[in-house]
Amino acid sequence: MPIQKESKVIKSSYYGNWADIFGYPLANLLLQIIKNLKFITPNAVTWFSFFIFTAGCLSLFVQYPMHLYFASIGIFLGYIGDDLDGQLARERNMSSNFGDFLDKVLDVLKIFIITFSLSLAVFLKTDNILFIYLGFAACFFFMFRYYIKLATLFGRIDLDSSYLSKSAQKREQLEKKINKLTFLNSLWIRNRIILFVDEAEFAVFTSLGALFNRLDLALWILAVSQIVIAFWRFWERGHQVSKNSGKLLEPLRK
């Protein structure tokens, strides 16, 4: 009798986030619980995680007893659901173009919701308009990173219609190469994600900020990190495009 392999939430080495260290164990646990519950669909998980995430964000500034604790839990659970929906779809062979579209669009909408809620919460507490600007900066420069990535991709596709196929082949080669590297050689590749602050880190930093009542610190971290990463990406992609670098075939992070 064949041994059934346990289902797990997995992610490419090139697109992981350090915050996944917290999220994946819980997502794996939930996957084992719900994978056989047929009435729970992947898109339902996507919508539910979005609504609980939004409720958590609203709880940052809508005050009621223990509202910051509910905010912390809601935002974190919403993030866990974002890890879970795609894997549930693959587990049941229910992946769809609409599901992929819905997941990506709601991920971007979550950035606006969380930065708006976070900056408003800190502003209402401190009456300091600076925190509204920090929220705007965190949201704008995150979106700017997306634009840099998309502008790079569309530019390469215009120059070479086979770019996406070549990029997919390169990614597969790199994934295989990583799995064959020694521990020391792969240490940087596997842990370079600590330098990135993406959707998962937005949720984790805000959730921790709510838990410890330091939303101001969470907002500073998000704003400064997005400004620094965005300008780094602007320089890096500009340099690669001007040199027609082969690095542009590797997986492009925003």
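Helix 2 (residues 42-58) and helix 3 have axes that come within 7 Å and cross at roughly 165°. That makes helix 2 roughly antiparallel to helix 3, a label for angles over 145 degrees. This is a predicted model, so local features need pLDDT of at least 70, side-chain atom pairs count only at pLDDT 80 or more, and totals for chains, interfaces and linings use all residues. Residues are numbered from 1 along each chain as its sequence is written, and side-chain values use heavy atoms, with hydrogens and water left out.

**Helix 2 against helix 3**
- The crossing of this pair is left-handed, meaning the near helix is turned anticlockwise from the far one by less than a right angle.
- In the contact of helix 2 with helix 3, 13 residues are nonpolar, six are polar and two are charged.

**Helix 3 itself**
- Helix 3 covers residues 67-91, and its 25 residues should span 36 Å at 1.5 Å a residue; the end C-alpha atoms sit 35 Å apart, which agrees.
- Look for a kink of about 25° centred on Leu 84; the bend is the angle between axes fitted to the seven residues ending there and the seven starting there.
- Helix 3 is mostly covered, with 18 of its 25 residues buried, i.e. under 20% relative accessible area with a 1.4 Å probe, protein chains only.
- After helix 3 comes Asn 93, which has a positive phi, near 60°.

**Lys 166**
- You'll find Lys 166 in helix 6 (residues 163-180).
- Its relative accessibility is 38%, so Lys 166 counts as partly exposed, the class between buried and exposed (over 50%).
- Lys 166 and Glu 250 are 84 residues apart along the chain, with 9.2 Å between their C-alpha atoms.

Key. Helix = DSSP H or I, 4+ residues; strand = E, 2+ residues; numbered from the N terminus. Expected span 1.5 Å × (residues − 1). Axes fitted to C-alpha atoms, helices over the stretch in contact; angles between N-to-C directions. Parallel < 35°, antiparallel > 145°, perpendicular 65-115°, else oblique. Nonpolar A, V, L, I, M, F, W, Y, C, P; charged D, E, K, R; others polar.
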